[in-house]
Amino acid sequence: MRTRSSLCLLMTFIGCLCLAGSARAETLSYADAITVLAKECGADIKRHCKGLNLGNGAIQGCLEAKASKVSATCTATLETVIASIEQRQAAQQGYSKVCRHAMAQRCKGMRGDGNILRCLIKSTKHISDECNQAITDAGWR
């Protein structure tokens, strides 16, 4: 039984490393991030951060403050999830700069972020890899 549990933890850890190391991997949505954290850190949250609310970073702060007591799996998962969310936020904030040329060429005259994004997504084959990656990282496809 212990071997099976160790194997499951190892596979989870490897999965997290693959997610963190792949430049083409999709970023996590907030809902997916919460699901992953609940699965991998649920026991640590119950043990060390009982009674804290999900919002305002209280649980993240608690897990980081008690890092020496938190499981290695939870620590690795937390780092991976935070990196993914930060990558998503950066892509959402910076896509217009990265995709400026494609917007001027393919979506000329369009107004509104929704219309421009729809245009960029339809133009996937005609825009740069960097712009495509920004749209993917932003979670818009």
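How close do the axes of helix 2 and helix 3 come, and at what angle do they cross?

Analyst: First, a word on what you're looking at. This is a predicted model, with residues numbered from 1 along each chain as its sequence is written. Local features need pLDDT of at least 70 and side-chain atom pairs pLDDT 80 or more, totals for chains, interfaces and linings use all residues, and side-chain values rest on heavy atoms, with hydrogens and water left out.

Now your crossing. The axes of helix 2 and helix 3 come within 11 Å, and the angle between them is roughly 85 degrees. (Each axis is a line fitted to C-alpha atoms over the stretch in contact, with angles running from 0 to 180 degrees between N-to-C directions.) The two helices are therefore roughly perpendicular to each other, a label that covers 65 to 115 degrees.

Who does the touching? On the helix 2 side you'll find Cys41, Asp44, Ile45 and His48, and across from them sit Ile59, Cys62 and Leu63 of helix 3; contact here means heavy atoms within 4.5 Å. Sorted by type, this contact has five nonpolar residues, one polar and one charged. (Nonpolar is Ala, Val, Leu, Ile, Met, Phe, Trp, Tyr, Cys and Pro; charged is Asp, Glu, Lys and Arg; the others, Gly among them, are polar.)

The loop between the two helices is worth a look too. Cysteine 49 lies in this loop and is buried, with 2% relative accessibility. (Buried is under 20% relative accessible area, exposed over 50%, and partly exposed in between, using a 1.4 Å probe and protein chains only.) Setting aside neighbours within four places in sequence, cysteine 49 is in contact with Asp44, Ile59, Cys62 and Leu63. All four of those turn up in the contact of helix 2 with helix 3 as well. Between cysteine 49 and glutamine 60, which are 11 residues apart in sequence, the C-alpha to C-alpha distance is 9.4 Å.

Asparagine 53 is in the loop between helix 2 and helix 3 as well, but it counts as exposed because its relative accessibility is 58%. With neighbours within four places in sequence left out, asparagine 53 is in contact with Ala58 and Ile59.

Helix 2 gives the most, with seven residues. By type, the lining splits into 13 nonpolar residues, five polar and no charged.

To put the spot in context, the protein chain has seven helices and zero strands. (Helices are DSSP runs of H or I with at least four residues, strands are E runs of at least two, and both are numbered from the N terminus.) Of the chain's 141 residues, 33% are buried. Among contacts between residues at least 6 apart in sequence, 53% join residues at least 24 apart.

Cysteine 131, in helix 7, has a relative accessible area of 0%. Not counting residues up to four places away in sequence, cysteine 131 touches Val98, Cys99, Ala102 and Leu120. The C-alpha atoms of cysteine 131 and cysteine 99 are separated by 5.0 Å, though the two are 32 residues apart along the chain. After helix 7 comes glycine 139, whose phi is positive, near 85 degrees.

How values were computed:
Angles under 35 degrees count as roughly parallel, over 145 as roughly antiparallel, 65 to 115 as roughly perpendicular and the rest as oblique.
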